[in-house]
Amino acid sequence: MTVFSHSEFDQHESIHQFYDEPTGLRCIIAIHSTALGPAAGGCRRWTYGDDAEAITDALRLSKGMTYKNAVAGLSFGGGKSVILADEAAPKSEALFRAFGRAVDSLGGRYVTAEDVGIEVEDMRAVNQTTRFVSGLAQSGEIAGGDPSPWTALGVYLGLEAAVKHRLNKDSLGGLTIAVQGVGNVGFHLCQLLDKAGANLVIADVNPANLQRVSETLPVTVVAPEDIMLAKVDAIAPCALGATLTADSIPALKTKVIAGAANNQLAHHSDGALLTQHEILYAPDYVINAGGIISVAHEYAGQTTSSQVKYDVEKIPQRLKAIFDEAQATGNHTHDIADELARKIVGNASVKPLTAAQA
Ligand code: NAI
């Protein structure tokens with residue numbers, strides 16, 4: 001498998017593959033950049049078609065984390081880990097302890113937490129073999145634990161900002177919002193949207209997750225293949241990435257895309273296609289930063305939930321600045337966000353010359 005000639009390779013600092021024979025663990029840790037600090041980003045456990053698909057995911061996700069952490073103003077670089085799920089390596093405490101040893105072997109260059117397919121208890125097992133982990137169970141007012149409610153709050157506030165900008169609506173009340181994927185983030189997002197008086201259209205490929213929402217909230221359930229075709233005010237993609245493609249975008253019947261999923265654009269050019277169709281796109285790594293903000297606070301020590309909330313509430317301001325610039329310049333929202341991220345990372349990477357070099 002080639003990495004340097006991979007289409008998603010973008011000056012990643014290092015890519016590590018680990019195998020643990022007793023548990024069957026196979027995982028990849030990709031470190032995109034440590035210019036701003038240790039590479040932080042969640043661990044995803046997913047059934048990939050093949051190894052190449054897992055590498056692609058790790059490369060894309062780790063770069064996204066560099067940009068996300070930079071724009072969120074965090075002192076972290078970008079990294080991500082993927083665990084290749086299969087029958088030979090079922091979820092177990094031993095598997096996550098082995099994963100923790102893999103993380104630990106990088107000596108703190110990578111800090112892990114939850115992503116798709118991972119729960120707080122998994123990260124507690126990881127914590128038995130490494131301290132370079134966040135998203136652990138917390139109690140009382142101390143920040144931390146499952147980051148998904150914070151991600152959902154950021155997405156909710158970002159949806160408000162996007163709807164204000166594109167539809168000139170001051171509230172989400174009475175609007176119809178489609179949520180694709182009602183797992184950890186989607187579930188919490190639906191609760192917030194329902195409380196705000198929005199009408200919900202949801203889909204998921206996991207019947208248990210679908211039921212958890214449909215049994216507690218008034219929602220319209222549609223088939224997974226229909227959710228992106230729903231005629232709604234906004235769509236919040238909260239499942240996996242690459243749902244916005246040259247094929248799916250022309251068929252969209254919405255004016256706003258604002259959701260949690262990482263890497264929503266299948267290709268960079270799909271962002272321009274959204275603009276062409278007059279659909280406002282909230283760049284994914286800007287709107288979904290709530291979770292990593294919580295993870296970063298927890299990792300830094302005894303910070304409180306109200307401090308996390310304060311920082312998550314900055315997400316709509318950042319989006320508004322991006323939307324306003326897009327309107328003023330005609331540039332695409334994802335390009336504006338990327339440029340901002342690259343500027344922040346670039347500034348950090350310029351190291352002063354030492355006396356010997358000068
Ligand atoms: P999750 O695994 O709890 O939920 C994802 C849900 O999407 C699952 O219920 C799954 O069945 C569903 N799904 C998968 N494919 C689907 C399809 N084709 N159609 C409809 N539903 C489908 O993951 P979580 O934590 O809720 O994350 C959701 C997304 O947000 C992911 O892309 C993740 O990378 C991203 N994200 C999550 C953060 C967090 O705090 N958990 C932070 C930032 C981003």
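Here's a quick tour of this predicted model, from the overall fold to the ligand.

The protein chain is built from 12 helices and 12 strands (DSSP runs numbered from the N terminus, with helices being H or I of at least four residues and strands E of at least two). Its C-alpha trace spans about 55 × 55 × 45 Å along the principal axes. With 358 residues, a compact globule would have a radius of gyration near 21 Å, and the chain's 20 Å agrees with that (taken over C-alpha atoms; the globule rule is 2.2 Å times the number of residues to the power 0.38).

Now for the ligand. The shell around the ligand has 24 residues, and T151, V185, D204, N209 and A239 come nearest (a residue counts if one of its heavy atoms lies within 4 Å). Both α4 (148–167) and α5 (184–195) supply at least two residues of that shell.

| Residue | Part of residue | Distance to a ligand oxygen |
|---|---|---|
| T151 | side chain | 2.6 Å |
| N262 | side chain | 2.8 Å |
| A260 | backbone | 3.3 Å |

On its own the ligand has 830 Å² of accessible area, and the protein covers 88% of that (Shrake-Rupley method, 1.4 Å probe).

Residues are numbered from 1 along each chain as its sequence is written. In this predicted model, local features need pLDDT of at least 70 and side-chain atom pairs count only at pLDDT 80 or more, while totals for chains, interfaces and linings use all residues, and side-chain values use heavy atoms, with hydrogens and water left out.

Terms used:
A polar contact is a pair of N or O atoms within 3.5 Å; within protein, one must be able to donate a hydrogen and the other to accept it, and residues adjacent in sequence count only if both atoms are side-chain atoms.
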